[in-house]
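I opened the model to look up a few local features. My notes follow, entry by entry.

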Amino acid sequence: MQWRGIRVKVTGTLEQALGLMQRKMTSSGMERLIRRQANHHVTDSEKRVLARKNLQRKIRSQDLGRKLRSILLQKARGL
């Protein structure tokens with residue numbers, strides 16, 4: 001069975017475990033998903049950050065596509 005979510009092992013106090021869980025949620029993007037589901041108002045600065053990340057993701061995928069296309073063309077010409 002595959003587990004989903006975030007696991008935090010409590011070794012110290014409960015406050016430390018909650019802080020660790022908060023950091024893991026923030027870094028994994030789960031906090032953003034929860035906010036989106038709760039009809040959270042997205043601020044202008046958050047919109048800018050999300051737009052920049054989406055643009056970077058789009059550029060990376062386009063660059064990867066160009067690289068793969070050029071590699072495949074080189075292999076096809078070599079045959």
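I take the expected span of a helix as 1.5 Å times one less than its number of residues. Helices are DSSP runs of H or I with at least four residues, numbered from the N terminus.

The model is predicted, so I noted the limits: local features need pLDDT of at least 70, side-chain atom pairs count only at pLDDT 80 or more, and totals for chains, interfaces and linings use all residues. Residues are numbered from 1 along each chain as its sequence is written, and side-chain values use heavy atoms, with hydrogens and water left out.

Helix 1. I checked its length. Its 15 residues should span 21 Å at 1.5 Å a residue, and the end C-alpha atoms lie 21 Å apart, so the two agree. After helix 1 I found Gly29, with a positive phi near 90°.

Leu14. I placed Leu14 in helix 1 (residues 14–28). Its relative accessibility is 55%, so I logged Leu14 as exposed (buried is under 20% relative accessible area, exposed over 50%, partly exposed in between; 1.4 Å probe, protein chains only).

Salt bridge. I found one in the structure (a side-chain nitrogen of Lys or Arg within 4 Å of a carboxyl oxygen of Asp or Glu). Arg66 and Asp63 form it, at 2.7 Å, N to O. They sit three residues apart in helix 3 (residues 44–78), so about one helical turn separates them. Arg66 is partly exposed at 47%; Asp63 is partly exposed at 31%.

Conventions. Helix = DSSP H or I, 4+ residues; strand = E, 2+ residues; numbered from the N terminus.
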